[in-house]
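I opened this entry to keep track of what I looked up, in the order I looked it up. The structure goes in first, the notes after it.

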Amino acid sequence: MNFIARRGLSTLIPPKIASPSGIGAAQDAARMERVVSFYEKLPRGPAPEVQPRGLFERYQARYFGKNPSAAPLAHFIGVMLVLGYTQHYYFHFRHHKNNAH
């Protein structure tokens, strides 16, 4: 089984592309030293945590981040109640201000 897996992986990369001369890379040590020095300068370890900037990102980080809570559900219900009442007032209650029907 191990032979079949290695054989399957070896056929993914054609031999001409896998060789340094096939991709146009120089085979001298100076060029390889530049590549190694480039990779040595890259930062190591985990990336720093990104700080939220906008209103939506801060809300998302606060309620959906490391300690998720049910507060967004309560916020959604409150917003729907307020929007529902304002629509109901606009389309129905405002006509009953001065006289009943």
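In which loop is the place of Pro52? I find Pro52 in the loop between helix H3 (29-41) and H4. I note here that the model is a predicted one.

**Pro52**

I looked up the accessibility of Pro52 next. Then I listed its contacts, leaving aside neighbours within four places in sequence. Pro52 is in contact with Glu57, Arg58 and Ala61. I also checked Pro52 against Arg62: the two are 10 residues apart in sequence, and their C-alpha atoms are 9.6 Å apart in space.

**The whole protein**

I stepped back to the overall make-up. I count 5 helices and 0 strands. Read from the N terminus on, the order of elements is α-α-α-α-α. Of the 101 residues in the protein, 2% are buried. The protein exposes about 9,900 Å², and I note that carbon and sulfur atoms supply 64% of that area.

**H4 against H5**

How do H4 and H5 pack, and at what angle? Helix H4 covers residues 55-64 and helix H5 covers residues 71-91. I read an angle of about 125 degrees between them, with the axes 9 Å apart. Angles over 145 degrees count as roughly antiparallel and 65 to 115 as roughly perpendicular. The two helices are therefore oblique to each other.

I then wrote down who meets whom. From H4 the residues are Tyr59, Tyr63 and Phe64; from H5 they are Ala71, Pro72 and His75. I sorted the residues of this contact by type and got 5 nonpolar, 1 polar and no charged.

**Aromatic rings**

I looked for ring pairs and have 4 aromatic pairs in the structure. One of them is Tyr59 with Tyr63, a tilted pair with 4.8 Å centre to centre and 55 degrees between the planes. Both residues lie in helix H4, 4 residues apart, which is about one turn of the helix.

I went on to Tyr90 and Phe91. Their ring centres are 4.9 Å apart and the planes stand at 85 degrees, so this pair is edge-to-face. Tyr90 is partly exposed, with a relative accessible area of 44%. Phe91 is at 59% relative accessibility and goes down as exposed.

Last, I looked for aromatic clusters. Tyr59, Tyr63 and Phe64 form one cluster. These are also the residues I listed from H4 in the contact with H5.

Key: Residues numbered from 1 in each chain as written. Predicted model: local features only at pLDDT ≥ 70, side-chain atom pairs only at ≥ 80, totals over all residues. Heavy atoms only, no water. Axes fitted to C-alpha atoms, helices over the stretch in contact; angles between N-to-C directions. Parallel < 35°, antiparallel > 145°, perpendicular 65-115°, else oblique. Contact = heavy atoms within 4.5 Å. Nonpolar A, V, L, I, M, F, W, Y, C, P; charged D, E, K, R; others polar. Buried < 20%, exposed > 50% of the residue type's maximum accessible area, 1.4 Å probe, protein only. Areas by Shrake-Rupley, 256 points an atom, 1.4 Å probe, with all protein chains shown as cover. Phe/Tyr/Trp six-rings, centres within 6.5 Å; stacked < 30°, edge-to-face > 60°.
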